[in-house]
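Please look over the sequence and the model shown here before reading the notes that follow. They are grouped by topic.

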Amino acid sequence: MDKAEILIVEDESVTALEIEEKLKSIGYNICDIVSKGEEAIKVAKQQVPDLVLMDIKLKGEMDGIEAARIIRAEQNLPVVYLTAFANQEMMKRAKITEPYGYILKPFDEREMQTQIEIALYKHKMEEEIYKIDKLESIGVLAGGIAHDFNNLLTIIMGNSQLAKMYTNDKKILEKLEETEKAAMRAKDLTQRLLSVAKGGPPQIETTDIDRVIKETAKFSLSGSNVECEYDIPEELWLVDADKGQISQVIQNLVVNADQAMPLGGKIEIKAENILVKEDEYLPLKAGRYVKVSIRDEGEGIPQKHIKNIFDPYYTTKNRSTVKGTGLGLSVCHSIMKRHNGYISVESKVGKGSVFYIYLPAANDQTEKILREEDNPVFGEGRILVMDDDKMVRDMAREIIDYLGYETDFAANGSEAINKYKLAKNSDTPYDVAILDLTVRGGMGARKTVKKLLEFDNNVNAIVTTGYANDPIITEYEKYGFKAAFSKPYKIKKLSQILSELSKKDKQ
Ligand SMILES: Nc1ncnc2c1ncn2[C@@H]1O[C@H](COP(=O)(O)OP(=O)(O)OP(=O)(O)O)[C@@H](O)[C@H]1O
Ligand SMILES: [Mg+2]
């Protein structure tokens, strides 16, 4: 998120500067400092800060409580009072304005930060709930009337068509044609409105969003003078999503970006894996998500309109043309909500806008690896995998089994050595040992391979590490390994190495 913008309302300039300095050092932007209530109302309207820090006793006619009341009523901005006074009467008046916080002077920096953070968070969540409530009630309404509405349109269309058969009058025919056209458009509209309302529950499947993004963007921009650039990493997680619905979200966002740049330009689409933690200011459950950003360099959206753009029927485009029913973003919002995801926006007038969507990552990521690496080499033999991370071991089992081998596991170096020795003296020795470079609280690959070499100087040991840049990846031979690769496993490469090593052993 961008730095929060704060408006300081304070009539003592020394205090105001002190507050400004503190807030800046915490990491906020100060959009303005004013000393009068009337000014505060004006600036709040023009600049739409994220929060107003309001002194109660001000110069001029209006005090801070009255200014806060008006700002709350007109713009619903969060206000935190900062004051040296706290008598009963004043508290009573202040309470009515539903402040988001109340800080007493002299203030403590940490308390101020806590109060501001809580206020920002609370306000954001309230706006989110408000948005959802609004869209839901529209949805119920739309769902309710859509059926009747369609029937009425059928009657209008039918009668208009019949009427055309009873006349040869050119003027009347023309009017009836227009009536039909309008009725057809009304029908499309009902459909779109219905998809805000219902669109059905998403048909969730494990989805490779990379492909959905690229195909949809290409399709949406056909014939446009706008170009699309992608920044999508290979290791992007799969997501739980309804392909059709997500494609609709991407389409609406790309079309909006395109329309924001009538003279042409560039759209950047970026995708990344992110971990959302409990304490993050996002209306999402903690967990793994794929975040997609769609950035344009178009006209941007004025701050004061941002809270309206997800509203059904909010549009700044020409309604009489095909574009601009104002439903695109409402549809996006309700689809994202049905996916337990989230959509948000950042924008600067004249610079451009970025829309972010968050989709929950799928639980099972194996499918992607299996799908991407389409031509692995299959083989047979026994593989010992030493890794201290159970999830890595489970993943390794799935992949190595898939390649045709039998797997066995060790959680650290000593266990690996014991198992290796036992197997070596049995009928079923290991063909290859895959050893993790770093084992928390135990023996890692370097030491383990040394000991294994003392026991079996032909050991087929492979070193693996999560750090793709570790020098051991290129210098593995120096340490006695036969191969090296970085995690996450790339199936094709792993399959080739395993096949080579296990064959060599059998010759
Ligand atoms: N990328 C963007 N750049 C600038 N303004 C945008 C952008 N995306 C949306 N907006 C603003 O938000 C409004 C609502 O967008 P939304 O997609 O919901 O409706 P629309 O594009 O006007 O009509 P529709 O999508 O139904 O054809 C737009 O009219 C525009 O003012
Ligand atoms: Mg649109």
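A residue is called buried if 20 or more other C-beta atoms lie within 10 Å of its own, exposed if 12 or fewer do, and partly exposed in between, with C-beta atoms placed from the backbone. This is a predicted model, in which local features need pLDDT of at least 70 and side-chain atom pairs count only at pLDDT 80 or more, while totals for chains, interfaces and linings use all residues. Residues are numbered from 1 along each chain as its sequence is written, and chains are lettered from A and ligands numbered from 1 in the order in which they are written.

**A loop glycine**
- With 4 C-beta neighbours inside 10 Å, G223 counts as exposed, and G223 is found in the loop between α7 (209-220) and β7 (226-231).
- From C-alpha to C-alpha, G223 and D188 are 23 Å apart in space, and 35 residues apart in sequence.

**Overall build**
- The chain has 16 helices and 17 strands, where helices (H or I, at least four residues) and strands (E, at least two) are DSSP runs, numbered from the N terminus.
- The radius of gyration of the chain, taken over C-alpha atoms, is 31 Å, well over the 23 Å that the globule rule gives for 507 residues, so the chain is more spread out than a compact globule; the rule is 2.2 Å times the number of residues to the power 0.38.
- The C-alpha trace spans about 90 × 85 × 40 Å along its principal axes, and buried residues make up 31% of the 507 residues.
- The domain assignment, whose bounds come from an automatic or database source, gives domain 1 (5-107), domain 2 (129-197), domain 3 (205-360) and domain 4 (368-506).
- The C-alpha centres of domain 1 and domain 3 lie 35 Å apart.

**Helix α2**
- In α2 (residues 37-47), the residues G37, A40, I41 and A44 are buried.
- These residues cover an arc of only 100° around the axis, which puts them on the same side of α2; the arc is that of the directions from the helix axis to the C-beta atoms.
- The buried residues of α2 pack against β1 (5-9), β2 (29-34), β3 (51-54) and α3 (64-75), with two residues in contact if their C-beta atoms, placed from the backbone, lie within 7 Å.
- Just after α2, V48 takes a positive phi of about 40°.
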